[in-house]
Amino acid sequence: MTGASDIPVHIRSDQDIVRARQRGRSLAMELGFSEGDATLIATAISELARNIVCYAGKGLITLQTLNSCSRKGIQVRASDRGPGIADVRQALQDGYSTSGSLGIGLPGVRRLMDEFQINSSAGKGTTITVRKWKP
Amino acid sequence: MEVPVLKQGEVLIATFQAALSDADLKSLRSNLIAQVVKLRSRGVIVDVTAMDVMDSFASRTLREIAQMIRLRGAETVIVGIQPDVAFAMVQLGLTLEGVVTALDLEEGLAYLTNKFKNIA
């Protein structure tokens with residue numbers, strides 16, 4: 001699902017991680033999220049973008065405004081055509097990492113946001129979609 | 001973006017900007033340890049007041065900096081973690097365990113001064 005309101009941020013280097021989270025924060029502020037929620041969203045984007053750089057080398061972060069009945073929200077989609085995640089269930093466990101990092105990535109991102117969805121298959125890439133709704 | 005490092009007596013003060021990339025953090029790590037060795041500093045304060053996001057990489061790098069500097073016999077204090085940033089860090093499971101933190105620059109300097117007095 002792509003619309004006119006989509007903001008794509010190409011992720012190729014660690015500089016793009018900063019760019020993506022800044023775009024995410026300003027969109028969140030525009031939508032009326034609190035500073036605190038904007039920080040949670042920016043932090044989640046930072047982690048997702050870093051996963052792209054670390055595991056896939058390059059990919060795309062797409063920011064989108066959500067309008068559903070009476071609620072407003074923000075959606076962040078991180079997609080890449082990297083190696084994919086062989087065992088998604090394992091990757092969602094605290095403390096699991098294949099790159100020698102802290103292993104807080106995905107479970108941490110899930111805690112920062114309201115909704116979390118992951119599609120990944122080995123050899124084809126990974127798409128992670130997270131959403132946060134305005135309270 | 002370079003992180004400015006100031007020398008104040010026996011203490012080095014590094015002030016983070018909002019938008020630090022991983023490369024900036026890595027260069028700060030090597031720059032700080034080099035300065036601590038060169039200037040024989042006894043304390044380091046890392047001021048993160050302006051930092052917009054403290055993610056897993058930033059937090060790990062800060063912990064590494066503190067550990068390296070401790071091995072040199074000096075002490076590191078992280079100051080100025082904003083409430084929103086602290087909340088996000090806890091949600092992510094980043095606790096900066098083993099690293100001294102203080103409210104702001106003033107408190108950080110007071111902590112180090114007190115520490116130096118007790119050792120001397």
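Among contacts in chain B between residues at least 6 apart in sequence, what percentage join residues at least 24 apart? In this predicted model, the share is 72% of such contacts in chain B.

**Chain B**

Chain B contains 4 helices and 5 strands, and these elements follow one another along the sequence in the pattern β-β-α-β-α-β-α-β-α. The C-alpha trace of chain B spans about 40 × 25 × 20 Å along its principal axes, while 35% of its 120 residues are buried. The radius of gyration of chain B is 13 Å, which agrees with a compact globule, because a globule of 120 residues would have a value near 14 Å.

**Strand pairing in chain A**

In chain A, strand 3 (residues 71-80) pairs with strand 2 (residues 59-68) in the antiparallel sense, and strand 3 also runs antiparallel to strand 5 (residues 125-133). The two pairings are set out below, each with one of its bridge partners.

| Strands of chain A | Bridges | Bridge partners |
|---|---|---|
| Strand 2 and strand 3 | 10 bridges | Thr62(A) and Arg77(A) |
| Strand 3 and strand 5 | 8 bridges | Val76(A) and Val130(A) |

Strand 2 and strand 3 of chain A form a hairpin with 2 residues between the strands, and in this hairpin Cys69(A) takes a positive phi near 45°. Within strand 3 of chain A, Arg77(A) is the bridge partner of Thr62(A), whereas Val76(A) has its bridge partner, Val130(A), in strand 5 of chain A. As background to these pairings, side chains in a regular strand alternate between the two faces of the sheet.

Technical notes
Residues are numbered from 1 along each chain as its sequence is written. Chains are lettered from A and ligands numbered from 1 in the order in which they are written. This is a predicted model: local features need pLDDT of at least 70, side-chain atom pairs count only at pLDDT 80 or more; totals for chains, interfaces and linings use all residues. The radius of gyration is taken over C-alpha atoms; the globule rule is 2.2 Å times the number of residues to the power 0.38. A residue is buried if 20 or more other C-beta atoms lie within 10 Å of its own, exposed if 12 or fewer, and partly exposed in between; C-beta atoms are placed from the backbone. Two residues are in contact if their C-beta atoms, placed from the backbone, lie within 7 Å. Two strands pair if DSSP finds at least two bridges between them.
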